[in-house]
Amino acid sequence: MPIRNIAIGDTREATHPDALKAALAEFISTLIFVFAGEGSGMAFNKLTDNGAASPAGLVAAALAHAFALFVAVSVGANISGGHVNPAVTFGAFVGGNISLLRGILYWIAQLAGSTVACLLLKFSTGGLATSAFALSAGVGVWNAFVFEIVMTFGLVYTVYATAVDPKKGSLGTIAPIAIGFIVGANILAGGAFDGASMNPAVSFGPALVSWSWTNHWVYWAGPLVGGGLAGLIYETIFIGHGDHEQLPTTDY
């Protein structure tokens, strides 16, 4: 069971130069991802004079996030594993593939990267608002909670299948694009309902900079539950612990 491999870690690991480099890579990757993803939404609002959401805007958001995540995961993969998402880090922790202290270090870096990206966007656009995630009319918090669980489950399950599983073979070469594709597809599925976050860091930066926290808990609870379930299920059923070696600490 993966619970046997869950580790707290120690302060030496959390302060090791390699861990600090990995955290810096997470900070930069998340900054890249949020700047492009949030920036695409701000650009659409400016071009439409803050007009109503449209199918074209949804498709544009899905493409921007898919492309940006593909790049963000790719540039961080060899250093930190390219998590770019606290829910992915949590799923890796539940599966016994990263220690708690190293995971917390990643979380801090991811949240900081998202916040700095939103601050840069606000400054470079002359003070335009960074829109916090919000529920659409007629969508309840529990509807959104389930949406976030299911979408993040699909994301973290994809991460495990293409990047974590030691049997992945050559499939690992397409992991970044597969991860980007599932995020883009999920935005097309859930973007019109709750914004389709799947990533607490992506939700945190805009909420902090705009100081808008309405229903913000949904964008933490849903992804963490979905990511944790995906990590637990994939690690327990499809990887197991009698047929592979423990992954190096530089991987997920």
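Colleague: Why is the distance between the end C-alpha atoms of α2 said to agree with the span of its 31 residues?

Modeller: The expected span of a helix is 1.5 Å times one less than its number of residues. For the 31 residues of α2 this rule gives 45 Å, and the end C-alpha atoms are 44 Å apart, so the two agree. This is a predicted model, in which local features need pLDDT of at least 70 and side-chain atom pairs count only at pLDDT 80 or more, while totals for chains, interfaces and linings use all residues. Residues are numbered from 1 along each chain as its sequence is written, and side-chain values use heavy atoms, with hydrogens and water left out.

Colleague: What makes up the secondary structure of the chain?

Modeller: Helices (DSSP runs of H or I, at least four residues) and strands (runs of E, at least two) are numbered from the N terminus. By that definition the chain has 9 helices and 0 strands.

Colleague: Why is Ser29 called buried?

Modeller: Buried means under 20% relative accessible area, exposed over 50%, and partly exposed in between, with a 1.4 Å probe and protein chains only. Ser29 has a relative accessible area of 1%, and is therefore buried. Ser29 belongs to helix α2. Leaving out residues up to four places away in sequence, Ser29 is in contact with Ala72, Val75, Gly76 and Val84, where contact means heavy atoms within 4.5 Å. Across the chain, buried residues make up 48% of the 252 residues.

Colleague: What is the largest nonpolar core, and which residues have the most contacts inside it?

Modeller: A nonpolar core is a set of buried Ala, Val, Leu, Ile, Met, Phe, Trp, Tyr and Cys residues joined through side-chain atoms within 4.5 Å. The largest such set has 34 residues, and Phe33, Leu69 and Met198 have the most contacts inside it. Elements giving two or more residues to this core include α2 (17-47), α3 (55-77) and α6 (141-164). The greatest contribution to this core, 7 residues, comes from α6. A second, separate core has 6 residues, among them Ala22, Val94, Ile98 and Tyr106.

Colleague: How do you know that the radius of gyration of the chain agrees with that of a compact globule?

Modeller: The radius of gyration is taken over C-alpha atoms, and the globule rule is 2.2 Å times the number of residues to the power 0.38. For 252 residues a compact globule would be near 18 Å; the chain has 17 Å, so the values agree.
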